[in-house]
Amino acid sequence: MFILATILVSFGFSLGVLAWPYSRALSGVSVGISLAMLAWVAWRQRTALPGVLGSTAVFCLLAALGWNLLLMPWANHEAPSQIELRNANGTAGAALIVYHPGRSELQTEAVNGFAEGLVAADWRVTLATANAAAPTDLAAYDLLVVGAQSYTWAPARPVQAYLRRVGNLGGKPVVAILSGLGETGPATTVMADLLTALNGNLLNIYHVWQIRPIDELYGTDDPRLAMRQTAVSLAAAWGK
Amino acid sequence: MARHIPNLLTASRLILAALLAVALWQYRPGWALLWWGTAVLTDVLDGWLARRLGVCSTRGALFDAVTDFVLLWSAFAVWVWRGAYPAWFLLLLALLFGQFLLSARRGWLVYDPVGKYYGAALYAALGALLLLPDYLLSYALLAGLTGLAAVSLASRLFMYNQ
(Lines give C-alpha, C1' and ligand atoms only; values in the text may rest on other atoms or scores of the structure.)
Protein backbone atom coordinates (compact mmCIF):
# COMPACT_ATOMS: atom_id res chain seq x y z
CA MET A 1 0.00 0.00 0.00
CA PHE A 2 2.87 2.36 0.83
CA ILE A 3 4.47 1.63 -2.54
CA LEU A 4 1.28 2.82 -4.20
CA ALA A 5 1.20 5.87 -1.91
CA THR A 6 4.79 6.70 -2.88
CA ILE A 7 3.95 6.41 -6.57
CA LEU A 8 0.87 8.61 -6.19
CA VAL A 9 2.68 11.25 -4.12
CA SER A 10 5.59 11.36 -6.59
CA PHE A 11 3.26 11.51 -9.57
CA GLY A 12 1.15 14.21 -7.90
CA PHE A 13 4.13 16.44 -7.10
CA SER A 14 5.58 16.00 -10.60
CA LEU A 15 2.27 16.82 -12.28
CA GLY A 16 1.82 19.79 -9.94
CA VAL A 17 5.13 21.28 -11.10
CA LEU A 18 4.37 20.49 -14.75
CA ALA A 19 0.87 21.98 -14.60
CA TRP A 20 1.98 25.27 -12.99
CA PRO A 21 2.32 27.34 -16.21
CA TYR A 22 -0.86 25.78 -17.63
CA SER A 23 -3.30 25.87 -14.72
CA ARG A 24 -2.54 27.13 -11.21
CA ALA A 25 -5.73 25.45 -9.93
CA LEU A 26 -4.78 22.07 -11.36
CA SER A 27 -1.27 22.43 -9.99
CA GLY A 28 -2.66 23.29 -6.54
CA VAL A 29 -5.08 20.34 -6.56
CA SER A 30 -2.34 17.95 -7.66
CA VAL A 31 0.08 19.07 -4.92
CA GLY A 32 -2.82 19.14 -2.42
CA ILE A 33 -3.68 15.50 -3.15
CA SER A 34 -0.01 14.56 -2.69
CA LEU A 35 0.11 16.34 0.68
CA ALA A 36 -3.14 14.66 1.73
CA MET A 37 -1.65 11.29 0.79
CA LEU A 38 1.44 12.06 2.89
CA ALA A 39 -0.80 13.01 5.81
CA TRP A 40 -2.64 9.69 5.38
CA VAL A 41 0.67 7.78 5.48
CA ALA A 42 1.70 9.69 8.63
CA TRP A 43 -1.64 8.89 10.22
CA ARG A 44 -1.59 5.18 9.31
CA GLN A 45 2.06 4.47 10.05
CA ARG A 46 4.34 7.31 11.08
CA THR A 47 7.48 5.15 10.73
CA ALA A 48 6.78 4.68 7.01
CA LEU A 49 6.80 8.43 6.38
CA PRO A 50 10.60 8.90 6.03
CA GLY A 51 10.71 6.06 3.48
CA VAL A 52 7.84 7.50 1.44
CA LEU A 53 9.36 11.01 1.58
CA GLY A 54 12.82 9.72 0.61
CA SER A 55 11.49 7.65 -2.31
CA THR A 56 9.37 10.59 -3.46
CA ALA A 57 12.38 12.92 -3.38
CA VAL A 58 14.46 10.44 -5.39
CA PHE A 59 11.68 9.94 -7.95
CA CYS A 60 11.08 13.69 -8.34
CA LEU A 61 14.82 14.35 -8.69
CA LEU A 62 15.18 11.65 -11.36
CA ALA A 63 12.06 12.91 -13.16
CA ALA A 64 13.38 16.49 -13.14
CA LEU A 65 16.80 15.37 -14.40
CA GLY A 66 15.28 13.17 -17.12
CA TRP A 67 12.89 15.90 -18.18
CA ASN A 68 15.46 18.69 -18.37
CA LEU A 69 18.57 16.79 -19.46
CA LEU A 70 17.04 14.23 -21.82
CA LEU A 71 13.50 15.01 -22.92
CA MET A 72 13.68 18.79 -23.43
CA PRO A 73 16.99 18.71 -25.39
CA TRP A 74 15.71 15.76 -27.47
CA ALA A 75 12.46 17.50 -28.43
CA ASN A 76 14.12 20.88 -28.98
CA HIS A 77 17.12 19.53 -30.87
CA GLU A 78 17.59 21.72 -33.94
CA ALA A 79 16.69 19.97 -37.18
CA PRO A 80 19.40 19.71 -39.89
CA SER A 81 19.68 22.78 -42.02
CA GLN A 82 17.25 22.66 -44.91
CA ILE A 83 16.38 25.68 -47.03
CA GLU A 84 14.01 25.15 -49.91
CA LEU A 85 12.78 27.70 -52.43
CA ARG A 86 9.38 27.08 -53.98
CA ASN A 87 7.87 28.89 -56.93
CA ALA A 88 10.98 31.02 -57.48
CA ASN A 89 9.17 33.08 -60.15
CA GLY A 90 6.16 33.90 -57.97
CA THR A 91 5.07 37.51 -58.28
CA ALA A 92 2.27 37.98 -55.74
CA GLY A 93 4.62 38.20 -52.76
CA ALA A 94 7.54 36.61 -50.97
CA ALA A 95 7.25 34.63 -47.76
CA LEU A 96 9.84 33.11 -45.44
CA ILE A 97 8.63 30.12 -43.43
CA VAL A 98 10.87 29.12 -40.53
CA TYR A 99 9.80 26.13 -38.48
CA HIS A 100 10.91 23.48 -36.04
CA PRO A 101 9.59 20.10 -37.19
CA GLY A 102 9.72 18.58 -33.71
CA ARG A 103 9.19 14.90 -33.06
CA SER A 104 5.86 14.40 -34.80
CA GLU A 105 4.77 14.93 -38.39
CA LEU A 106 2.11 17.49 -37.49
CA GLN A 107 4.16 20.69 -37.69
CA THR A 108 5.85 19.65 -40.95
CA GLU A 109 2.44 18.84 -42.45
CA ALA A 110 1.02 22.19 -41.33
CA VAL A 111 3.83 24.40 -42.66
CA ASN A 112 3.99 22.47 -45.92
CA GLY A 113 0.25 22.99 -46.35
CA PHE A 114 0.72 26.71 -45.69
CA ALA A 115 3.55 26.86 -48.22
CA GLU A 116 1.40 25.06 -50.82
CA GLY A 117 -1.40 27.58 -50.26
CA LEU A 118 0.92 30.53 -50.78
CA VAL A 119 2.45 28.93 -53.88
CA ALA A 120 -1.07 28.33 -55.22
CA ALA A 121 -1.60 32.09 -54.86
CA ASP A 122 1.64 32.67 -56.82
CA TRP A 123 3.83 33.62 -53.87
CA ARG A 124 7.55 32.87 -53.78
CA VAL A 125 8.12 30.78 -50.67
CA THR A 126 11.35 30.00 -48.81
CA LEU A 127 10.96 27.14 -46.35
CA ALA A 128 13.69 26.75 -43.72
CA THR A 129 14.19 24.80 -40.53
CA ALA A 130 14.89 26.90 -37.45
CA ASN A 131 18.64 26.85 -36.87
CA ALA A 132 21.69 29.06 -37.31
CA ALA A 133 21.54 28.72 -41.12
CA ALA A 134 17.99 30.07 -41.46
CA PRO A 135 17.86 33.53 -43.12
CA THR A 136 17.78 36.38 -40.63
CA ASP A 137 17.70 39.24 -43.13
CA LEU A 138 14.00 39.70 -43.77
CA ALA A 139 14.28 42.63 -46.19
CA ALA A 140 13.50 40.44 -49.20
CA TYR A 141 10.32 39.03 -47.70
CA ASP A 142 6.81 40.45 -47.38
CA LEU A 143 5.69 37.91 -44.80
CA LEU A 144 7.38 35.86 -42.08
CA VAL A 145 5.71 32.61 -41.04
CA VAL A 146 7.01 30.83 -37.95
CA GLY A 147 5.94 27.30 -37.08
CA ALA A 148 6.57 25.61 -33.75
CA GLN A 149 5.41 22.64 -31.73
CA SER A 150 4.25 23.50 -28.24
CA TYR A 151 6.39 21.78 -25.60
CA THR A 152 5.44 22.20 -21.94
CA TRP A 153 3.24 25.19 -22.75
CA ALA A 154 5.83 27.14 -24.77
CA PRO A 155 6.80 27.23 -28.46
CA ALA A 156 9.76 25.03 -29.37
CA ARG A 157 13.03 26.66 -28.31
CA PRO A 158 14.74 26.68 -31.75
CA VAL A 159 11.96 28.95 -33.09
CA GLN A 160 12.21 31.30 -30.12
CA ALA A 161 16.01 31.34 -30.54
CA TYR A 162 15.65 32.08 -34.25
CA LEU A 163 13.34 35.04 -33.59
CA ARG A 164 15.78 36.42 -31.02
CA ARG A 165 18.60 36.08 -33.57
CA VAL A 166 16.57 38.13 -36.04
CA GLY A 167 15.98 40.75 -33.35
CA ASN A 168 13.89 43.74 -34.32
CA LEU A 169 11.29 42.62 -36.84
CA GLY A 170 10.70 46.23 -37.84
CA GLY A 171 6.93 45.88 -38.17
CA LYS A 172 7.20 42.92 -40.56
CA PRO A 173 3.88 41.04 -40.97
CA VAL A 174 4.15 37.73 -39.10
CA VAL A 175 1.97 34.63 -38.95
CA ALA A 176 2.57 31.83 -36.44
CA ILE A 177 1.49 28.21 -36.71
CA LEU A 178 1.46 26.40 -33.39
CA SER A 179 0.99 22.67 -33.13
CA GLY A 180 0.29 20.82 -29.92
CA LEU A 181 -0.95 17.55 -28.53
CA GLY A 182 -4.27 19.03 -27.45
CA GLU A 183 -3.58 22.48 -26.04
CA THR A 184 -1.67 25.47 -27.40
CA GLY A 185 -3.22 28.29 -25.33
CA PRO A 186 -0.24 29.09 -23.07
CA ALA A 187 2.22 28.75 -26.00
CA THR A 188 0.08 31.25 -27.94
CA THR A 189 0.60 33.82 -25.19
CA VAL A 190 4.37 33.21 -25.14
CA MET A 191 4.58 33.50 -28.94
CA ALA A 192 2.41 36.63 -29.10
CA ASP A 193 4.43 38.31 -26.33
CA LEU A 194 7.72 37.47 -28.05
CA LEU A 195 6.59 38.71 -31.46
CA THR A 196 5.18 41.89 -29.96
CA ALA A 197 8.40 42.48 -27.99
CA LEU A 198 10.39 42.09 -31.21
CA ASN A 199 8.22 44.67 -32.95
CA GLY A 200 6.55 42.22 -35.30
CA ASN A 201 3.18 42.92 -36.90
CA LEU A 202 1.35 39.79 -35.74
CA LEU A 203 -1.41 39.00 -38.24
CA ASN A 204 -2.63 35.75 -36.73
CA ILE A 205 -1.68 32.64 -34.81
CA TYR A 206 -3.10 29.39 -36.21
CA HIS A 207 -3.44 26.17 -34.25
CA VAL A 208 -3.35 22.51 -35.19
CA TRP A 209 -3.62 19.69 -32.68
CA GLN A 210 -2.78 16.00 -32.59
CA ILE A 211 -5.58 14.56 -30.42
CA ARG A 212 -8.06 17.38 -30.85
CA PRO A 213 -10.12 17.74 -34.03
CA ILE A 214 -9.59 20.96 -35.98
CA ASP A 215 -12.60 20.74 -38.28
CA GLU A 216 -14.58 23.23 -36.17
CA LEU A 217 -11.86 25.82 -36.87
CA TYR A 218 -11.03 25.05 -40.49
CA GLY A 219 -13.84 22.88 -41.87
CA THR A 220 -11.47 19.94 -42.30
CA ASP A 221 -9.62 17.61 -39.95
CA ASP A 222 -6.60 17.40 -42.26
CA PRO A 223 -3.94 19.84 -40.93
CA ARG A 224 -2.19 20.13 -44.29
CA LEU A 225 -5.39 20.97 -46.14
CA ALA A 226 -6.52 23.30 -43.34
CA MET A 227 -3.29 25.32 -43.51
CA ARG A 228 -3.34 25.29 -47.31
CA GLN A 229 -6.84 26.82 -47.31
CA THR A 230 -5.81 29.30 -44.61
CA ALA A 231 -2.82 30.45 -46.66
CA VAL A 232 -4.98 30.82 -49.79
CA SER A 233 -7.42 33.00 -47.82
CA LEU A 234 -4.58 35.05 -46.36
CA ALA A 235 -3.04 35.58 -49.79
CA ALA A 236 -6.42 36.58 -51.25
CA ALA A 237 -6.89 39.21 -48.54
CA TRP A 238 -3.28 40.45 -48.77
CA GLY A 239 -3.00 44.17 -49.29
CA LYS A 240 -6.74 44.75 -49.09
CA MET B 1 -28.67 -9.71 -5.56
CA ALA B 2 -25.94 -7.98 -3.53
CA ARG B 3 -23.43 -10.69 -4.47
CA HIS B 4 -23.71 -9.67 -8.13
CA ILE B 5 -22.89 -5.99 -7.51
CA PRO B 6 -19.08 -6.40 -7.86
CA ASN B 7 -19.49 -8.09 -11.26
CA LEU B 8 -22.03 -5.48 -12.36
CA LEU B 9 -19.58 -2.74 -11.42
CA THR B 10 -16.88 -4.54 -13.38
CA ALA B 11 -19.20 -4.96 -16.38
CA SER B 12 -20.08 -1.26 -16.28
CA ARG B 13 -16.50 -0.56 -17.41
CA LEU B 14 -17.33 -2.02 -20.80
CA ILE B 15 -19.93 0.72 -21.27
CA LEU B 16 -17.52 3.27 -19.81
CA ALA B 17 -14.89 2.10 -22.31
CA ALA B 18 -17.19 2.99 -25.21
CA LEU B 19 -18.17 6.33 -23.65
CA LEU B 20 -14.53 7.20 -22.96
CA ALA B 21 -13.44 6.28 -26.48
CA VAL B 22 -16.16 8.52 -27.97
CA ALA B 23 -15.24 11.42 -25.64
CA LEU B 24 -11.56 11.05 -26.57
CA TRP B 25 -12.37 10.84 -30.27
CA GLN B 26 -14.45 14.02 -30.11
CA TYR B 27 -11.97 15.61 -27.68
CA ARG B 28 -14.38 16.35 -24.85
CA PRO B 29 -11.89 16.46 -21.95
CA GLY B 30 -14.58 17.11 -19.32
CA TRP B 31 -16.63 14.08 -20.33
CA ALA B 32 -13.51 11.96 -20.80
CA LEU B 33 -12.37 12.82 -17.28
CA LEU B 34 -15.80 11.95 -15.93
CA TRP B 35 -15.82 8.51 -17.59
CA TRP B 36 -12.18 7.93 -16.63
CA GLY B 37 -12.87 8.88 -13.00
CA THR B 38 -15.94 6.64 -12.87
CA ALA B 39 -13.92 3.75 -14.31
CA VAL B 40 -11.19 4.23 -11.67
CA LEU B 41 -13.87 4.32 -8.97
CA THR B 42 -15.52 1.10 -10.19
CA ASP B 43 -12.09 -0.55 -10.39
CA VAL B 44 -11.43 0.29 -6.74
CA LEU B 45 -14.96 -0.53 -5.56
CA ASP B 46 -15.53 -3.89 -7.29
CA GLY B 47 -12.58 -5.59 -5.61
CA TRP B 48 -13.30 -4.00 -2.25
CA LEU B 49 -16.99 -5.01 -2.40
CA ALA B 50 -16.15 -8.55 -3.53
CA ARG B 51 -13.92 -8.95 -0.48
CA ARG B 52 -16.53 -7.40 1.85
CA LEU B 53 -19.28 -9.66 0.50
CA GLY B 54 -17.06 -12.72 0.43
CA VAL B 55 -17.67 -13.36 -3.27
CA CYS B 56 -14.08 -13.19 -4.55
CA SER B 57 -13.44 -15.63 -7.40
CA THR B 58 -10.79 -16.30 -10.02
CA ARG B 59 -13.37 -15.72 -12.72
CA GLY B 60 -14.29 -12.34 -11.21
CA ALA B 61 -10.64 -11.30 -11.01
CA LEU B 62 -10.13 -12.33 -14.62
CA PHE B 63 -13.25 -10.42 -15.72
CA ASP B 64 -11.88 -7.37 -13.86
CA ALA B 65 -8.60 -7.60 -15.78
CA VAL B 66 -10.41 -8.08 -19.11
CA THR B 67 -12.59 -4.99 -18.65
CA ASP B 68 -9.56 -2.93 -17.58
CA PHE B 69 -7.75 -4.07 -20.70
CA VAL B 70 -10.71 -3.27 -22.97
CA LEU B 71 -11.08 0.23 -21.50
CA LEU B 72 -7.39 1.12 -21.54
CA TRP B 73 -6.65 -0.46 -24.89
CA SER B 74 -9.58 1.28 -26.62
CA ALA B 75 -8.61 4.64 -25.08
CA PHE B 76 -5.02 4.36 -26.28
CA ALA B 77 -6.28 3.06 -29.65
CA VAL B 78 -8.04 6.41 -30.17
CA TRP B 79 -4.77 8.24 -29.57
CA VAL B 80 -2.93 5.84 -31.85
CA TRP B 81 -5.52 6.56 -34.53
CA ARG B 82 -4.97 10.30 -33.99
CA GLY B 83 -1.22 9.78 -34.42
CA ALA B 84 -0.26 10.68 -30.86
CA TYR B 85 1.04 7.22 -30.05
CA PRO B 86 2.74 4.60 -32.24
CA ALA B 87 0.74 1.52 -33.25
CA TRP B 88 3.31 -0.82 -31.70
CA PHE B 89 2.24 0.45 -28.29
CA LEU B 90 -1.13 -1.27 -28.76
CA LEU B 91 0.65 -4.48 -29.69
CA LEU B 92 2.80 -4.15 -26.58
CA LEU B 93 -0.31 -3.77 -24.40
CA ALA B 94 -1.91 -6.78 -26.09
CA LEU B 95 1.26 -8.82 -25.57
CA LEU B 96 1.38 -7.90 -21.89
CA PHE B 97 -2.25 -8.84 -21.45
CA GLY B 98 -1.73 -12.10 -23.34
CA GLN B 99 1.18 -12.93 -21.04
CA PHE B 100 -0.97 -12.17 -18.03
CA LEU B 101 -3.80 -14.40 -19.26
CA LEU B 102 -1.43 -17.23 -20.06
CA SER B 103 0.24 -17.17 -16.66
CA ALA B 104 -3.11 -16.77 -14.86
CA ARG B 105 -4.64 -19.70 -16.75
CA ARG B 106 -1.72 -22.03 -16.16
CA GLY B 107 -1.53 -20.96 -12.54
CA TRP B 108 2.25 -20.50 -12.77
CA LEU B 109 3.88 -18.50 -10.10
CA VAL B 110 5.86 -15.72 -11.69
CA TYR B 111 7.89 -12.95 -10.16
CA ASP B 112 6.75 -9.75 -11.81
CA PRO B 113 7.69 -6.62 -9.83
CA VAL B 114 5.66 -4.18 -11.92
CA GLY B 115 2.85 -6.18 -13.59
CA LYS B 116 0.63 -5.68 -10.57
CA TYR B 117 0.91 -1.92 -10.95
CA TYR B 118 0.85 -1.72 -14.73
CA GLY B 119 -2.91 -1.24 -15.00
CA ALA B 120 -2.72 1.53 -12.39
CA ALA B 121 0.14 3.13 -14.33
CA LEU B 122 -1.94 3.07 -17.53
CA TYR B 123 -4.93 4.61 -15.74
CA ALA B 124 -2.64 7.29 -14.28
CA ALA B 125 -1.08 8.04 -17.67
CA LEU B 126 -4.50 8.35 -19.25
CA GLY B 127 -5.67 10.75 -16.53
CA ALA B 128 -2.46 12.78 -16.68
CA LEU B 129 -2.75 13.30 -20.44
CA LEU B 130 -6.41 14.24 -20.14
CA LEU B 131 -5.48 16.91 -17.61
CA LEU B 132 -2.24 18.01 -19.28
CA PRO B 133 -2.38 17.41 -23.05
CA ASP B 134 1.27 18.15 -23.79
CA TYR B 135 3.62 16.47 -26.27
CA LEU B 136 6.53 16.15 -23.86
CA LEU B 137 4.36 14.56 -21.19
CA SER B 138 3.03 12.07 -23.74
CA TYR B 139 6.61 11.18 -24.77
CA ALA B 140 7.67 10.83 -21.12
CA LEU B 141 4.70 8.59 -20.35
CA LEU B 142 5.30 6.48 -23.45
CA ALA B 143 8.93 5.98 -22.41
CA GLY B 144 7.94 5.16 -18.84
CA LEU B 145 5.15 2.75 -19.82
CA THR B 146 7.36 1.01 -22.38
CA GLY B 147 10.13 0.63 -19.79
CA LEU B 148 7.72 -0.83 -17.24
CA ALA B 149 6.29 -3.19 -19.90
CA ALA B 150 9.80 -4.35 -20.79
CA VAL B 151 10.57 -5.09 -17.12
CA SER B 152 7.27 -6.95 -16.74
CA LEU B 153 7.72 -9.04 -19.90
CA ALA B 154 11.36 -9.80 -19.16
CA SER B 155 10.63 -10.89 -15.60
CA ARG B 156 7.83 -13.20 -16.75
CA LEU B 157 9.89 -14.70 -19.58
CA PHE B 158 12.78 -15.21 -17.19
CA MET B 159 10.56 -17.03 -14.73
CA TYR B 160 9.04 -19.25 -17.45
CA ASN B 161 12.52 -20.41 -18.35
CA GLN B 162 13.39 -21.45 -14.79
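The lining of the second largest pocket comprises six nonpolar, one polar and five charged residues; here Ala, Val, Leu, Ile, Met, Phe, Trp, Tyr, Cys and Pro count as nonpolar, Asp, Glu, Lys and Arg as charged, and the others, Gly among them, as polar. A pocket is an open set of points on a 1 Å grid over the protein atoms alone, where a 1.4 Å probe fits, with protein on both sides within 12 Å along at least five of seven lines; lining residues have an atom within 4 Å of a point.

This is a predicted model, in which local features need pLDDT of at least 70 and side-chain atom pairs pLDDT 80 or more, while totals for chains, interfaces and linings use all residues. Residues are numbered from 1 along each chain as its sequence is written, chains are lettered from A in the order written, and side-chain values use heavy atoms, without hydrogens and water.

Both chains contribute to this pocket: among its lining residues are Trp209(A), Arg212(A), Trp25(B) and Arg82(B). Helix H7 (residues 215–218) of chain A gives the largest share, three residues; helices are DSSP runs of H or I, at least four residues, and strands runs of E, at least two, numbered from the N terminus.

I turn to helix H6 of chain A. Its 13 residues, 185–197, reach 19 Å from first C-alpha to last. Met191(A) and Leu195(A) are among its buried residues, buried meaning under 20% relative accessible area with a 1.4 Å probe, protein chains only. After H6(A) comes Asn199(A), with a positive phi near 65 degrees.

Finally, chain B has six helices and zero strands, and 42% of its 162 residues count as buried.

Key:
The expected span of a helix is 1.5 Å times one less than its number of residues. Buried means under 20% relative accessible area, exposed over 50%, partly exposed in between (1.4 Å probe, protein chains only).
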